[in-house]
Amino acid sequence: MIRGTVAIVGRPNVGKSTIFNRLIGQRKSIVDDTPGVTRDRIYGEVEWLTQTFRLIDTGGIQIEDQAFAQEINMQVDIAIEEADVIIFLTSAKEGVMTDDTVIARKLQKCKKPVILACNKVDNPEMQMNVYEFYALGLGDPVVLSGAHGIGLGDLLDIVLEKLPEKNLSPYEGITSFCVIGRPNVGKSSLVNSILKEDRVIVSNVEGTTRDAIDTPFHVDDKEYMIIDTAGIRKKGKIYENIEKYSILRALSAIDRSNVVLFLIDGEKGIRDQDKHVAGLAHDAGKGVIIVYNKWDTVEKDEKTMAKIEKEIRAQFLYLNYAPIAFTSALTGSKVNQLIPLIDQVHDACTLRIPTNILNDVILDAQMMNPAKPHLGKQLKIYYASQVAVEPPTIVLFVNDPELLHFSYARYIENKLREAFGFTGTPIKILARKRS
Ligand code: GDP
Ligand code: GDP
């Protein structure tokens with residue numbers, strides 16, 4: 001579970017991306033495995049002492065043709081809005097610069113925890129240069145050398161200390177979902193259309209503040225929460241047209257959701273940018289529904305739907321588990337199918353298979369089609385156990401985990417889907433050596 005978001009801010013050249021790369025370091029290669037998923041380099045996940053948080057390098061969020069000062073200003077704004085903890089990076093090599101003072105003033109006024117860090121302290125002599133940073137009024141600077149990897153552990157300890165104890169899916173017992181997609185696919189129209197269908201909007205949930213961005217509503221006796229609705233509904237939101245900012249927004253909405261509705265614009269068809277969005281949905285391990293919106297604009301005959309479905313499957317191979325809905329947010333057509341589909345997907349995400357039944361299916365699958373030997377050795381699955389939900393996670397206890405080939409894991413996954421459905425949820429399959 002991700003404990004929150006941490007942003008690095010600071011003027012150019014203080015070493016933000018160096019520190020960022022050091023911190024996310026070894027995880028990158030793991031996350032890059034899924035073919036066809038393009039990733040943005042401004043965010044990553046950091047694991048420290050069994051905890052995980054998301055890290056953003058705001059230096060990578062840029063506005064085209066904008067003055068320098070305005071760009072830093074925007075980066076700090078975004079950090080203040082999106083992050084739970086802000087690392088303000090400075091450099092002992094250059095000392096306190098005017099831009100540092102400007103940033104410090106902005107950060108002093110914000111209510112988020114700020115950690116002042118002083119980079120490029122490569123040797124003990126440089127330590128002398130750190131003292132002037134007390135003048136920024138942000139407390140003790142954490143001393144770092146990104147180049148030499150000094151001080152990173154201390155920094156991470158302080159980050160974990162300052163991260164609020166908040167639960168990222170705060171709505172126990174309620175199905176929460178978000179609507180993501182590139183600009184103009186119809187996200188706000190769809191949210192409005194879902195809320196319009198004589199549903200009771202609960203306006204005063206305990207603990208929500210005036211600017212709460214999640215919208216609760218009932219269907220019959222069941223409660224739902226649409227995540228990040230304000231961000232969707234409020235037009236002219238700040239920096240809306242900056243793609244990387246939209247990605248961050250979507251990420252924090254996805255974190256708090258059980259199910260993600262990934263929208264495609266049926267009028268324009270599938271575009272490259274849709275792949276980024278789909279990748280975000282898939283990586284999060286949440287339930288996913290692909291919604292082909294603006295269906296009213298598509299000229300169709302009896303073959304159209306099958307044809308489009310085939311195209312979607314070909315373009316988003318890794319989302320092969322996600323059901324596809326065809327809607328029109330404008331006319332409301334088929335929008336009422338979404339809530340039952342969300343229920344179905346959320347049920348699949350939280351499904352727990354009893355161990356004996358799970359083992360029957362997996363041992364059967366193994367008998368029907370044993371794994372091909374690898375370097376003369378044969379994979380043997382002794383038994384299996386489901387260790388987690390959201391997403392369902394299955395551990396296979398085997399003779400040698402190295403022998404579980406990707407394609408065989410895929411085969412097992414397909415057998416599990418045949419047996420149990422798992423509509424809309426990814427499934428994680430892990431191998432452990434039987435002890
Ligand atoms: P950013 O613009 O803030 O993202 O800064 P970069 O990470 O690109 O670093 C700017 C320059 O500072 C690069 O040439 C880095 O190699 C250098 N740099 C980063 N960290 C350190 C450090 O700890 N010590 C020294 N001496 N140089 C560093
Ligand atoms: P967002 O940027 O993703 O929130 O998209 P909006 O909800 O603001 O919609 C963008 C434009 O597409 C608006 O002009 C909507 O009226 C239009 N639109 C949204 N959904 C549909 C739909 O299902 N059919 C048609 N024809 N237009 C739609």
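Q: Which residues come nearest to ligand 1 in this model?
A: The model is predicted. A ligand's shell is read by its C-beta contacts, within 6 Å. Ligand 1 has 16 residues around it, and G15, K16, T18, G146 and A147 come nearest.

Q: Which element gives the largest share of that shell, and how do its residues divide?
A: Helix 1, residues 16-24, supplies 3 residues, the largest share. By class, the shell around ligand 1 holds 9 polar, 4 charged and 3 nonpolar residues.

Q: Which residues come nearest to ligand 2?
A: Of 16 residues around it, G186, K187, S188, S189 and L330 come nearest. Helix 6, residues 187-196, gives the most to this shell, with 3 residues. The classes are 8 polar, 5 nonpolar and 3 charged.

Q: Where is the cis peptide bond, and what is its omega?
A: Read omega across the bond. Here the bond joins E390 and P391, with omega about -5 degrees. P391 sits in the loop between strand 14 (381-388) and strand 15 (393-398).

Q: What is phi at E390, and is the residue buried, partly exposed or exposed?
A: E390 is not a glycine, yet its phi is positive, near 50 degrees. E390 also belongs to the loop between strand 14 and strand 15. It counts as partly exposed because it has 18 C-beta neighbours inside 10 Å, and buried would need 20 or more.

Q: What is phi at T50, and is T50 buried or exposed?
A: T50 has a positive phi of about 65 degrees, though it is not a glycine. Its loop runs between strand 2 (43-48) and strand 3 (51-57).

Key:
Residues numbered from 1 in each chain as written. Chains lettered and ligands numbered in written order. Predicted model: local features only at pLDDT ≥ 70, side-chain atom pairs only at ≥ 80, totals over all residues. Helix = DSSP H or I, 4+ residues; strand = E, 2+ residues; numbered from the N terminus. Nonpolar A, V, L, I, M, F, W, Y, C, P; charged D, E, K, R; others polar. Buried ≥ 20, exposed ≤ 12 C-beta atoms within 10 Å, placed from the backbone.
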